[in-house]
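Thanks for coming. I will take one protein chain and go through it piece by piece. Please look at the screen.

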Amino acid sequence: MGRVYAAIRYHQYMTHTESARVQRITRRCIKALLLGLVLNLLVAWGLSLIPHKLGPGDSRAAQVVWRSPDDVQESLYTLEHKWFGVLEHQYHNTRRSRFHGPPRQISLWWTWRPFEQIYSSRDEARAIFSELNPTNPDASVASRTRFGFPALSLYCNTMIDDSAPLPNGEFATWTRGGFFDRIDSTTLMGKPSVWPHAQHIWLPYRPIWSGLVINTLIYALVWMMISYLYTRVRNAQRMLRGRCPFCAYEHHHDFTHGCPECGWRKTPPTPENNTPEPLSG
Ligand SMILES: [Zn+2]
């Protein structure tokens, strides 16, 4: 009877510690993933400050021309600006004077769109125009700006009607999926031009799912590696000071009997042999 009791206690001890370990690891993973998710927002918002101060590192302009079903030639002007972790696509229906970047250009740029379904400029422009529905489409510049590092993970749609400034000296601006600052017209009065929307502060919150998942996993992994290393170093330092590595209980450098505080190196209660007696009355 005593052996059965010992076997049950042994099993309870093992399963208890095993499940506690799994629980601890699960909790740690969830915490790291949540942290990674929040970091996406902070990183994107931090990156959105770069275009506010510096011109794009890479810019490309293009005109897209196609024939509509009733054989009318239609066209669209596109402009792409790249910064470090910021990618802006601008769309407008009419030809405008080219944007010439400010003297302080950023030389390093990085944009990465892993597994993102990439639509044609025409489809993307149509989506933004129909969502923001400008009263004056030919004077409006639509823009989709993506932010994130290492992958672009958040975006917002914006539109500026720069035909004429409002009485308060600002241009009419619309945005979806982000917070934004004001667009001041004083520097651009009287000469409609295309300039990067991202030159102003846009704080995006709409997810680009593939980038969001990849960044979150990368941030979580990095965080877990750092916290693992930190724990290992801390535990080693505790042992060097003669304390329990897990709970810092004072052992005065004598680790032979294990830790009475947290059970470290305490031998579990073992049965006298490994095969428990059959429970037959
Ligand atoms: Zn301990």
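In which element of the protein is confidence lowest, and in which is it highest? It is lowest in helix 2 (residues 50-53), at a mean of 82, and highest in strand 9, at 97. The number here is pLDDT, the predictor's confidence in each residue, from 0 to 100. For the protein, the mean pLDDT is 84, and 85% of the residues reach 70 or more.

Two remarks on reading this. This is a predicted model, in which local features need pLDDT of at least 70 and side-chain atom pairs count only at pLDDT 80 or more, while totals for chains, interfaces and linings use all residues. Residues are numbered from 1 along each chain as its sequence is written.

Now the outline. The protein has four helices and nine strands. Helices (H or I, at least four residues) and strands (E, at least two) are DSSP runs, numbered from the N terminus. Along the sequence the pattern reads α-α-β-β-β-α-β-β-β-β-β-β-α. Of the 281 residues, 23% are buried. A residue is buried if 20 or more other C-beta atoms lie within 10 Å of its own, exposed if 12 or fewer, and partly exposed in between, with C-beta atoms placed from the backbone.

I start with strand 5 (154-161). How many of its eight residues are buried? Eight of the eight are. L154, C156, T158 and I160 point one way from the strand, and Y155, N157, M159 and D161 point the other way.

Strand 5 also has partners; two strands pair if DSSP finds at least two bridges between them. With strand 4 (residues 140-147), strand 5 pairs in the antiparallel sense over eight bridges, and V141 stands opposite I160. Six residues lie between these two strands in their hairpin, where G148 takes a positive phi near 145 degrees. With strand 6 (residues 172-176) the pairing is again antiparallel, over five bridges, and A172 is the bridge partner of D161. Strand 9 (residues 206-207) pairs with strand 5 in the antiparallel sense over two bridges, with R206 opposite Y155.

Next, the cores. In soluble globular proteins, nonpolar side chains tend to be buried together. A nonpolar core, as used here, is a set of buried Ala, Val, Leu, Ile, Met, Phe, Trp, Tyr and Cys residues joined through C-beta atoms within 7 Å. The largest one has 17 residues, and those with the most contacts inside it are L47, V86, F147, L152, L154, Y155 and I208. Helix 1 (2-47), strand 3 (86-92), strand 5 and helix 4 (209-240) each give two or more residues to this core. Strand 5 gives the most, with three residues. At least three residues come from each of domain 1 (1-47 + 210-281) and domain 2 (51-207); the domain bounds come from an automatic or database domain assignment.

What does L47 touch? Residues up to four places away in sequence aside, L47 touches F84, G85, V86, F147 and F149. Contact means that the C-beta atoms of two residues, placed from the backbone, lie within 7 Å. Apart from this core lies another, of eight residues, including L76, V141, M159 and I160.

W202 is found in strand 8 (residues 202-204). Is W202 buried or exposed? W202 is buried, because 27 other C-beta atoms lie within 10 Å. Leaving out neighbours within four places in sequence, W202 is in contact with S48, T145, C156, T158, G178, F180 and H197. A62, in strand 1 (residues 58-67), counts as exposed because it has 10 C-beta neighbours inside 10 Å.

Helix 4 has 32 residues and reaches 46 Å from its first C-alpha to its last, close to the 46 Å expected at 1.5 Å a residue. The expected span is 1.5 Å times one less than the number of residues. Buried residues in helix 4 include G211, L212, I214 and N215. After helix 4 comes G242, with a positive phi near 85 degrees. Helix 3 (residues 121-132) has 12 residues and reaches 16 Å, close to the 16 Å expected. Just after helix 3, N133 takes a positive phi of about 45 degrees.
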